[in-house]
Amino acid sequence: MKIGLNGTGLTARAILKLAMTIDEFKEIEIVHVNGRGMSLSALRDRMLYSTSQRHSGISAEIDEKGGELILNGHRIKYSRESAPEQIPWVNGIELVIDSTGIFRDKSKENKNPYRHFKGTAKGLRGVVISAPGKGGIDDFMWVASPTLKEDLQALVVKEEPFVIGGASCTTTATVPIIDTLDEAFGVESCFLTTIHAATRSQDLLDGSKGWSAFDTQLHTTGATKSTNRVLKKKIPMDGIAYRTSDKDGSFVQIDCLLKQEATKEAILAAFKESKYAPYISYPKVSSPPSSYIRGDHNMVMLLPDEIVIINKKRAIVKGLYDNEEGYAAHFLRLVKYLASIM
Ligand SMILES: NC(=O)c1ccc[n+]([C@@H]2O[C@H](COP(=O)([O-])OP(=O)(O)OC[C@H]3O[C@@H](n4cnc5c(N)ncnc54)[C@H](OP(=O)(O)O)[C@@H]3O)[C@@H](O)[C@H]2O)c1
């Protein structure tokens with residue numbers, strides 16, 4: 001299936017890199033990328049090197065005349081349009097990944113991802129957003145909800161244009177922890193803390209979006225709502241994000257009040273038996289720094305030595321996640337399944 005990618009930001013480039021290089025995603029055929037400010041040569045450079053991941057290992061060239069980016073020998077059309085209706089998609093695009101972070105709110109016309117269906121891709125059937133959907137757009141995450149496959153199949157069978165959200169990087173790290181604890185011991189309530197690497201949504205110095213990205217700042221996190229949405233659960237929870245100046249690599253701590261008593265060993269056994277086990281990694285050292293996670297393509301890297309139990313029913317679990325590539329990989333698992341049933 002031919003897939004178009006809108007956006008050339010951190011997440012879009014991570015998605016493109018993994019789709020081009022990882023065997024698990026070889027069926028994902030991105031044939032067209034649309035950017036806004038970025039020139040074709042700058043995109044080639046960013047695909048070769050990135051500040052967080054360093055050398056990509058990809059061979060990247062450009063054909064300026066043909067307007068194409070050539071990644072590992074694959075020719076990908078490149079265009080630069082800011083309005084979804086104007087993107088001159090190549091023929092045959094059936095699915096668009098929107099990774100701008102802008103077009104994800106159905107209730108606001110200028111930010112509405114359904115605008116893609118008014119565009120040039122006449123055979124376009126669906127849009128997947130690399131972020132939480134807003135204004136009535138549901139979020140999905142690979143293996144999270146027990147009815148995930150049925151729900152996606154129902155969307156596809158309807159043969160109507162659909163848009164779905166892909167939640168967030170923090171939600172991707174949080175879901176396997178909270179859901180595993182809930183399924184094994186029951187979660188009464190929980191508090192989530194993330195220490196999050198920098199993204200381009202932060203101001204470099206004090207500005208309209210907040211304080212300097214060089215300082216650690218307190219922010220809200222949407223991951224609490226998004227976790228319940230993808231799990232279709234109503235676990236009482238709140239949370240906070242500490243935004244740091246780290247390049248990539250984030251940290252999450254889940255502090256849960258359990259319904260049943262638990263031990264550290266029982267919690268670890270629950271993770272090893274859970275449906276998330278194939279997407280959880282464990283570090284070789286007990287407490288690595290956030291940069292250690294870069295290039296890890298799992299939902300979360302759990303820190304077993306850091307699990308704390310207080311009074312038998314309060315469990316504190318910690319993990320690391322690559323907010324760029326870990327998220328992109330798990331997002332692509334959702335896209336891969338969706339493309340296989342369309
Ligand atoms: N970074 C992460 O760790 C991460 C992880 C998971 C999910 N996400 C989500 O992914 C989305 C993108 O985040 P990001 O970090 O990749 O952001 P980013 O690096 O700032 O990239 C955003 C991209 O969207 C383009 N864009 C912005 N406004 C546009 C408009 N009006 N029309 C067309 N294109 C537009 C930008 O173009 P220009 O180059 O011209 O600015 C850029 O290519 C956000 O919703 C974010 O929450 C981010």
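Biologist: What share of the contacts in the chain with a separation of 6 or more comes from residues 24 or more positions apart?

Modeller: The model is a predicted one. Two residues are in contact if their C-beta atoms lie within 7 Å. Among contacts with a separation of 6 or more, residues 24 or more positions apart account for 76%.

Biologist: How does the radius of gyration compare with the globule rule, and what is its value?

Modeller: The chain has seven helices and 18 strands. For 342 residues the globule rule gives 20 Å, and the chain comes close to that, so it is as compact as a globular protein of that length. The radius of gyration of the chain is 20 Å.

Biologist: What percentage of the residues count as buried?

Modeller: The C-alpha atoms fill a box of roughly 65 × 45 × 40 Å along the principal axes. A residue is buried if 20 or more other C-beta atoms lie within 10 Å of its own. Of the 342 residues, the buried share is 43%.

Biologist: Which strands stand at the edges of the open sheet of eight strands?

Modeller: The order in this sheet is β5-β6-β7-β2-β1-β8-β9-β10, with mixed pairing. Each edge strand has a single partner, so one side of it is left without a neighbour in the sheet. From one strand to the next the twist averages 25°. The edge strands are β5 (60-63) and β10 (162-165).

Biologist: At what angle does helix α2 run to β5?

Modeller: Helix α2 (residues 40-48) lies across β2, β5, β6 (68-71) and β7 (74-80). Its direction relative to β5 is about 170°.

Biologist: Is L95 buried or exposed?

Modeller: L95 lies in strand β8. Leaving aside neighbours within four places in sequence, its contacts include M1, I3, G126 and V128. I3 is 92 residues away in sequence, yet the two C-alpha atoms are 4.9 Å apart. Because L95 has 23 C-beta neighbours inside 10 Å, it counts as buried.

Biologist: Which residue of β10 is the bridge partner of G126?

Modeller: Strand β9 (residues 126-129) has G126 and V128 pointing one way and V127 and I129 the other, all buried. Strand β8 (residues 93-98) runs parallel to β9 and is joined to it by four bridges, with V96 opposite V127. Four bridges also join β9 to β10, again in parallel. The partner of G126 in β10 is F162.

Biologist: How many residues of the shell around the ligand are charged?

Modeller: Of the 24 residues around the ligand, G9, T11, G37, G101 and A131 come nearest. Helix α1 (residues 10-21) gives the largest share of the shell, three residues. Seven residues of the shell are nonpolar and 14 are polar, and the charged ones number three.

Biologist: How far apart are the C-alpha atoms of D215 and T244?

Modeller: D215 is found in the loop between β11 (187-196) and β12 (217-219). It counts as partly exposed because it has 13 C-beta neighbours inside 10 Å. Along the chain D215 and T244 are 29 residues apart, and their C-alpha atoms are separated by 6.4 Å.

Key: Residues are numbered from 1 along each chain as its sequence is written. This is a predicted model: local features need pLDDT of at least 70, side-chain atom pairs count only at pLDDT 80 or more; totals for chains, interfaces and linings use all residues. Two strands pair if DSSP finds at least two bridges between them. Helices (H or I, at least four residues) and strands (E, at least two) are DSSP runs, numbered from the N terminus. Axes are lines fitted to C-alpha atoms, for helices over the stretch in contact, and angles run from 0 to 180 degrees between N-to-C directions. The radius of gyration is taken over C-alpha atoms; the globule rule is 2.2 Å times the number of residues to the power 0.38. A residue is buried if 20 or more other C-beta atoms lie within 10 Å of its own, exposed if 12 or fewer, and partly exposed in between; C-beta atoms are placed from the backbone. A residue is near a molecule or strand if its C-beta atom, placed from the backbone, lies within 6 Å of it. Ala, Val, Leu, Ile, Met, Phe, Trp, Tyr, Cys and Pro count as nonpolar, Asp, Glu, Lys and Arg as charged, and the others, Gly among them, as polar.
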